[in-house]
Amino acid sequence: MNARHPQIAAEQATSLTATAAAGESGYPARWTSKRRDFLRMLGYGTGAATLGPLLAACGSGNAQTSAAALREQLMRDEAFWTDVQSMFILKPEKTYMNIGTAGSMPKLVLDVFDTENRKKAADSGNGYSNLLDLRKQVAPGFGVDADELAFSANTSSGMCHAILGIDWQRGDVVVTTNHEHGGGDTPLKIAQDRYGIEVSRIALPVGNNQTAATYVNLFDERIRALKAQGKRVRAMMWSSPTYKTGTMLPIADLMGVVKAHGLISIVDGAHLPGMMAYNYAELGMDFMSGAGHKWQCGPGSTGILIIRNKMRASNPLPLPKWYPVHTSAYPALERTTTAKETYDIAASVTSCGSVHTPMFMALAQACAQWDSIGRKKIETYDLTLSSYLKEKIVERWGVDSLYSPKDDPKLLSALTCFNPFQNKDDVMNGTKSSTFVARMLSDYPQGFVIRNSNFPVIGAAADHYGVRVSTHLWHDARDVDLLVDAMWDLSRKMA
């Protein structure tokens with residue numbers, strides 16, 4: 001975008017950051033007809049599933065047509081997104097496409113972080129607070145109340161809070177997958193050793209031949225089989241999306257399984273804040289732990305933990321008994337059985353001694369900027385970029401190279417994982433995969449920053465080391481074009 005295409009930046013007549021405080025309602029008057037058309041066609045305000053009609057032609061036989069259509073939609077509003085990119089101070093000599101590991105704080109967030117750190121130092125200020133004022137600012141953007149949104153240190157911290165706070169009983173079974181991150185697997189292992197719970201793992205399929213129903217059936221069938229054995233299934237834990245392949249395990253659909261079996265629901269949503277415009281009250285999961293420093297582009301050591309704290313139609317199940325495990329606040333009260341909270345459960349996670357308030361003030365600023373741009377707008381753009389990348393990959397490597405689904409809108413995320421090698425078995429060579437990632441940075445003038453991830457594949461002799469790419473609001477269609485050309489060139493050189 002503007003860092004790599006200065007002629008476009010020079011044409012910009014307005015500054016997004018200068019008007020961000022006006023809120024999203026202040027933008028429509030400034031939108032061009034192309035921008036309004038872009039948002040309408042890509043489903044702004046109506047959910048990610050509205051990408052379905054645009055992606056309906058995205059089968060492998062229509063990859064060329066589909067890629068061209070997606071590119072056209074992306075380019076229609078390029079000036080707006082070039083303006084958004086100017087919020088950041090990313091080095092122009094690199095193309096950062098590993099947001100799934102770390103984002104980048106916008107200028108305004110850096111300014112808040114710096115200013116508040118200096119204020120804290122000047123006043124020798126403490127941080128004894130549950131940050132209720134900041135949680136009240138941030139919570140509406142995620143569709144919950146302040147008592148349900150806690151600030152944590154990161155996704156792994158939130159998963160520890162969620163899992164280790166549950167009143168597990170020996171023999172309880174948690175159904176999860178074999179594509180989980182250590183941030184969730186580690187507290188599960190602790191609960192196994194400390195409380196005697198059991199963990200049942202579902203082997204996840206990979207690739208495009210999946211639908212939302214695939215994952216619903218896998219969880220439902222496993223739970224029914226365990227119950228038939230006399231097992232006491234207590235909870236479901238899954239990642240949406242999985243960090244390994246970028247598959248968005250469909251939360252709303254899986255919550256149907258949760259409610260049918262009366263289970264506790266725990267979602268590793270590391271990549272959700274800042275990528276997806278989800279309303280967590282409507283989804284109804286008991287716990288969702290996400291990062292503040294990835295797609296949400298807040299400071300490091302920040303996370304967002306959603307804790308269901310009242311009864312709603314979205315999830316009428318009783319609230320699970322839960323105890324804080326890392327806190328300075330313990331009300332020792334039973335939680336509500338109504339639509340009104342008994343107490344601020346999120347305060348017990350957020351408050352633990354003197355917290356570093358400037359970090360969370362900066363995170364709140366990042367969330368405010370996302371709310372101002374429009375979370376659905378960002379989600380739609382991110383997913384469209386990702387869909388365009390997937391179609392370009394299919395053009396070169398074929399649909400079987402994808403580990404990420406592309407055709408079911410419910411399974412889309414802004415993470416794309418695939419096998420880039422001409423010799424398909426080379427993907428099981430971890431060293432070769434890592435070399436591919438390193439050479440994408442060193443061998444090409446755009447300096448592509450991507451990563452790989454290893455995961456089991458059903459029927460494979462060894463783990464696959466797929467290459468993973470993140471597409472976010474500071475990328476454009478030309479970034480994807482250049483990336484695909486470079487990856488194709490390198491794959492042929494490494495054949």
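## Strands β5 and β6

Strand β5 (residues 232-239) runs parallel to strand β6 (residues 264-268), and 5 bridges join the two. Ser239 is placed opposite Asp268 of β6. Helices (H or I, at least four residues) and strands (E, at least two) are DSSP runs, numbered from the N terminus. This is a predicted model, in which local features need pLDDT of at least 70 and side-chain atom pairs count only at pLDDT 80 or more, while totals for chains, interfaces and linings use all residues. Residues are numbered from 1 along each chain as its sequence is written, and side-chain values use heavy atoms, with hydrogens and water left out.

## The sheet

An open sheet of mixed pairing holds 7 strands in the order β2-β8-β7-β6-β5-β3-β4; two strands pair if DSSP finds at least two bridges between them. At the edges are β2 (149-152) and β4 (198-202), each pairing on one side only.

## Aromatic pairs

The whole structure contains 12 aromatic pairs (ring centres of Phe, Tyr or the six-membered ring of Trp within 6.5 Å; planes under 30 degrees apart are stacked, over 60 edge-to-face, the rest tilted). One of them is edge-to-face: the centres of Trp397 and Phe418 are 5.0 Å apart, with planes at 65°. Trp397 belongs to helix α16 (residues 375-397) and Phe418 to strand β9 (residues 415-418), so the pair ties together parts 21 residues apart in sequence. Trp397 is buried at 9% relative accessibility (buried means under 20% relative accessible area, exposed over 50%, partly exposed in between; 1.4 Å probe, protein chains only). Phe418 is also buried, at 0%.
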